[in-house]
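Biologist: Could you walk me through this model? I would like to ask about it piece by piece.

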Amino acid sequence: MSPHQNAAYEIIHDYYFILPNNGSLNNGLMSCERRYKEAIDCALIGVQRLILTLEFILLESNDPRIMSRINLYDEVQTELYKIKDGDSKLSLNEWMEIFKK
């Protein structure tokens with residue numbers, strides 16, 4: 001798994017575990033399935049705001065490290081969109097690595 005894929009899943013899971021849950025896998029407003037989709041949306045919003053903030057900082061400074069961070073979070077954002085669209089598939093071992101952290 002690439003670093004940006006790992007970061008995308010970690011951000012999703014951070015949001016997933018703080019959202020309310022009704023205990024149902026796929027029924028109801030706060031089901032696990034619905035909560036996961038909302039966690040992806042939250043992660044996208046957070047990464048988009050982070051990119052915008054870094055772009056604003058870049059206007060004031062020409063530090064190349066800021067641009068490298070923008071590029072990293074742009075890749076994370078791309079991975080989040082893939083996950084949202086269902087185009088990003090992970091093996092069971094890769095899922096286990098994410099949950100270990």
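What follows is a set of questions and answers on the fold, the helices and a few residues.

Modeller: Before we start, this is a predicted model, in which local features need pLDDT of at least 70, side-chain atom pairs count only at pLDDT 80 or more, and totals for chains, interfaces and linings use all residues. Residues are numbered from 1 along each chain as its sequence is written, and side-chain values use heavy atoms, with hydrogens and water left out.

Biologist: Thanks! What pattern does the protein follow along the sequence?

Modeller: Helices (H or I, at least four residues) and strands (E, at least two) are DSSP runs, numbered from the N terminus. The protein has four helices and zero strands. Read in order, that gives α-α-α-α.

Biologist: What percentage of the residues count as buried?

Modeller: Buried means under 20% relative accessible area, exposed over 50%, and partly exposed in between, with a 1.4 Å probe and protein chains only. The accessible surface, from the Shrake-Rupley method with a 1.4 Å probe, comes to about 6,800 Å², and 56% of that belongs to carbon and sulfur atoms. Of the 101 residues, the buried share is 29%.

Biologist: Among contacts between residues at least 6 apart in sequence, what percentage join residues at least 24 apart?

Modeller: A contact here means heavy atoms within 4.5 Å. For pairs at least 6 apart, the share that is at least 24 apart is 59%.

Biologist: Which residues have the most contacts inside the largest nonpolar core?

Modeller: A nonpolar core is a set of buried Ala, Val, Leu, Ile, Met, Phe, Trp, Tyr and Cys residues joined through side-chain atoms within 4.5 Å. The largest one has 18 residues, and those with the most contacts inside it are Ile12, Leu80 and Ile83. H1, H2 and H3 each give two or more residues to this core. The largest share, eight residues, comes from H2, while the residues you asked for are Ile12, Leu80 and Ile83.

Biologist: How far does H2 reach from its first C-alpha to its last?

Modeller: H2 covers residues 32-60 and has 29 residues. The expected span of a helix is 1.5 Å times one less than its number of residues. H2 is close to its expected value, with a reach of 42 Å.

Biologist: And which elements are included in what covers the buried residues of H2?

Modeller: The buried residues of H2 include Cys32, Arg35, Ala39 and Ile40. Further along, Val47, Ile51 and Leu54 are also among them. Their cover includes H1 and H3.

Biologist: Turning to H3, what residue follows it?

Modeller: H3 spans residues 64-85 and reaches 32 Å, close to the 32 Å expected. Its buried residues are Ile66, Ile70, Val76, Gln77, Glu79, Leu80 and Ile83. The residue after H3 has a positive phi, near 80 degrees, and is Gly86.

Biologist: At what angle do H1 and H3 pack?

Modeller: Axes are lines fitted to C-alpha atoms, for helices over the stretch in contact, and angles run from 0 to 180 degrees between N-to-C directions. The axes of H1 and H3 are 8 Å apart, and the angle is about 65 degrees.

Biologist: Which residues of H3 make that contact?

Modeller: On the H1 side, the contact residues include His4, Ala8 and Ile12. Ile83 is in contact with Ala8, Tyr9 and Ile12, among others. The H3 side consists of Glu75, Val76, Glu79, Leu80 and Ile83.

Biologist: Is Gln77 buried or exposed?

Modeller: Gln77 is found in H3. Leaving aside neighbours within four places in sequence, Gln77 is in contact with Leu44, Val47, Gln48 and Ile51. With a relative accessible area of 14%, Gln77 is buried.

Biologist: Why does Ile70 count as buried?

Modeller: Ile70, also in H3, touches Ile51, Leu54, Glu55 and Leu58, not counting residues up to four places away. Ile70 counts as buried because its relative accessible area is 6%.

Biologist: Last one: what is the relative accessible area of Glu55?

Modeller: Glu55 is found in H2. The C-alpha atoms of Glu55 and Met67, twelve residues apart along the chain, are separated by 8.0 Å. Glu55 is partly exposed, with a relative accessible area of 37%.
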